[in-house]
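Colleague: Can you walk me through this model? I'd like to start with how the chain is divided up.

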Amino acid sequence: MIHSHHDIVIVGSGIAGLSTYLYLSETEAFKQREISVCLIAKSTLSTTNTDWAQGGIAAVHAIGDDFEKHIEDTMVAGVYLNDIGIVRKVVEAGPALLNDLIRWGTCFDKNAANDYDLAKEGGHSEARIWHAEDQTGHAIQSALMQHLSDSTNAKVLENILLVDAIKDSNGQFHLHLFNESENCFFEITTSKLVLATGGTGMLYSKTTNQHVATGDGIFIAEKLGASIENLSYIQFHPTGLFHDGNISFLVSEALRGAGAVLRNQQGEAFMDQYDERLDLAPRDIVSRAIHAEMRKHGDACVFLDTTHLSPAMMEQHFPAIKAQCKTLLNIDITKEIIPVVPVQHYSCGGIKVDAFGETRVPGLYAIGEVASTGLHGANRLASNSLLEAIAFAKFATEKLLDLPGAQQSVPVSFKKECYGIDRNQVQHLLSEHAGIIKNTRGLKTALSTLQDLKSNAPVVGFNPYDHTSGVLLEVAIMLIADALKQEKNRGVFYNEDLVNDLVP
Ligand SMILES: Cc1cc2nc3c(=O)[nH]c(=O)nc-3n(C[C@H](O)[C@H](O)[C@H](O)COP(=O)(O)OP(=O)(O)OC[C@H]3O[C@@H](n4cnc5c(N)ncnc54)[C@H](O)[C@@H]3O)c2cc1C
């Protein structure tokens, strides 16, 4: 088995992993080759949720906007369960972080006055969303990837799956890795492990997430002793395109920002019955409103009406959405309404970290969607997640450089088999019982069924698909257990057997 050592290993090639790598590569210690860094991704480098982000990244820039407004909008969306210190730290860092993205080559759209063309999204009181058409994530992902390069003290490895990690008695992390193309395991040891493994979308039958979003970081961090919090704070995006398949194309709320209106199958605009902010209310409110309309009329979807918007504006700002609606459903969105349903979108909770991205396990970091930093509270404000990921990449850099002296690693051993689990069963149970509206009985049924699945699972030879299905099962059990612990309905979390708390 090949065995190598790097001072810092970053797992994940989305905005969190790549920007951690790039901030480290700009330090003197890196330039002087005093530290070695390795970045690993389980698929190709560009297969990330980051690459699919559409709407943009939030940061204060426009005249009339200020940090206090962005802080307040974030707190309102999060039902004031956010950590105000973290909210302030991230929001105030925003403009400098946007400069870093631009410095690394991201081209954000500009207006006729040659200033940045900022959009306004649900829950934001001002226009502060930096975007590149409706493919902002792709613009960021591509720019950051262009800056990666292998050198003697840095390695970038794709199609390598982190299967497991153990911390030995000398404080070294041993990473159990699987190289799919060569069908073999190998091991890397490291002093600092950064989990930037993204979300948990594959837990549900319908999600906007990429297939890599199987919650691996949560599973590994929990085994290493990190604390996991609020896993059941799942944000459902109100407007996933209603079409077949596990992965649902996202119809960005920037369209509602530009004037698109939600209508039920009777053609009525219904948001005025639910919230005075209408279609631009925070996502949890819009998702529950759509769910209620669908339940009231027994409908499988509602519609987003864009037919009154200027075709030229749609072509200029939403070319990808327009093209996908045409390809997937043969709909011309300048003339026809778009069928949409709420779908799993974002994990607001995750691995609990401090203000520098470190968990309670010394040397173990979590950055990006996998982490629970306190920024989002009980609900993420639109376009704050890309910001959070790059912010914590920067905050973590200095602490990551604080390396222990050379340590001998102590040999450890890993299992080489996995469970044979039907992932569809896990996805069906979560969608049925841990969706937008939950109840205690359903959650208990799901938990006991998942536990039975686990105890009766056959052991099979290792393969990445079965391994990650097993991870999904473990994370699903954690999520339901977390849901059953919740005592109040707050933000994205809603159990109809509980009372409501602070509704914004
Ligand atoms: C369709 C869509 C639209 C969105 N739009 C926006 C938006 O407009 N604005 C916004 O702020 N947010 C948006 N989001 C959310 C945002 O994109 C994500 O929260 C963010 O990109 C997550 O970045 P990340 O680096 O944490 O994870 P990701 O970008 O998902 O990257 C995860 C990485 O971890 C790797 N990985 C995972 N497990 C393993 C393992 N076991 N071994 C090795 N590698 C592993 C993956 O291969 C991948 O490289 C959107 C999300 C989606 C899905």
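Modeller: This is a predicted model. The C-alpha centres of domain 1 and domain 2 are 28 Å apart.

Colleague: What are the bounds in the domain assignment?

Modeller: Domain 1 covers 3–233 + 348–400, domain 2 covers 240–345, and domain 3 covers 417–485.

Colleague: And how many residues are in contact between domain 1 and domain 2?

Modeller: Domain 1 puts 19 residues in contact with 24 residues of domain 2. On the domain 1 side, these are 4 nonpolar, 10 polar and 5 charged residues.

Colleague: Switching to the ligand. Which residues come nearest?

Modeller: There are 43 residues around the ligand, and Gly12, Gly14, Gly55, Gly198 and Gly368 come nearest. By class, the shell has 18 nonpolar, 22 polar and 3 charged residues.

Colleague: Which helix gives the most to that shell?

Modeller: Helix 12, with 4 residues. Helix 12 spans 384–400, and among the others that supply at least two residues each are helix 1 (15–25) and strand 6 (160–167).

Colleague: Which residues make the contact?

Modeller: From helix 7, Asp216, Ile218, Phe219 and Glu222; from helix 15, Thr468, Val471, Glu474, Val475 and Met478. By class, that contact has 5 nonpolar, 1 polar and 3 charged residues.

Terms used
Residues numbered from 1 in each chain as written. Predicted model: local features only at pLDDT ≥ 70, side-chain atom pairs only at ≥ 80, totals over all residues. Near = placed C-beta within 6 Å. Nonpolar A, V, L, I, M, F, W, Y, C, P; charged D, E, K, R; others polar. Domains from an automatic or database assignment. Contact = placed C-beta atoms within 7 Å.
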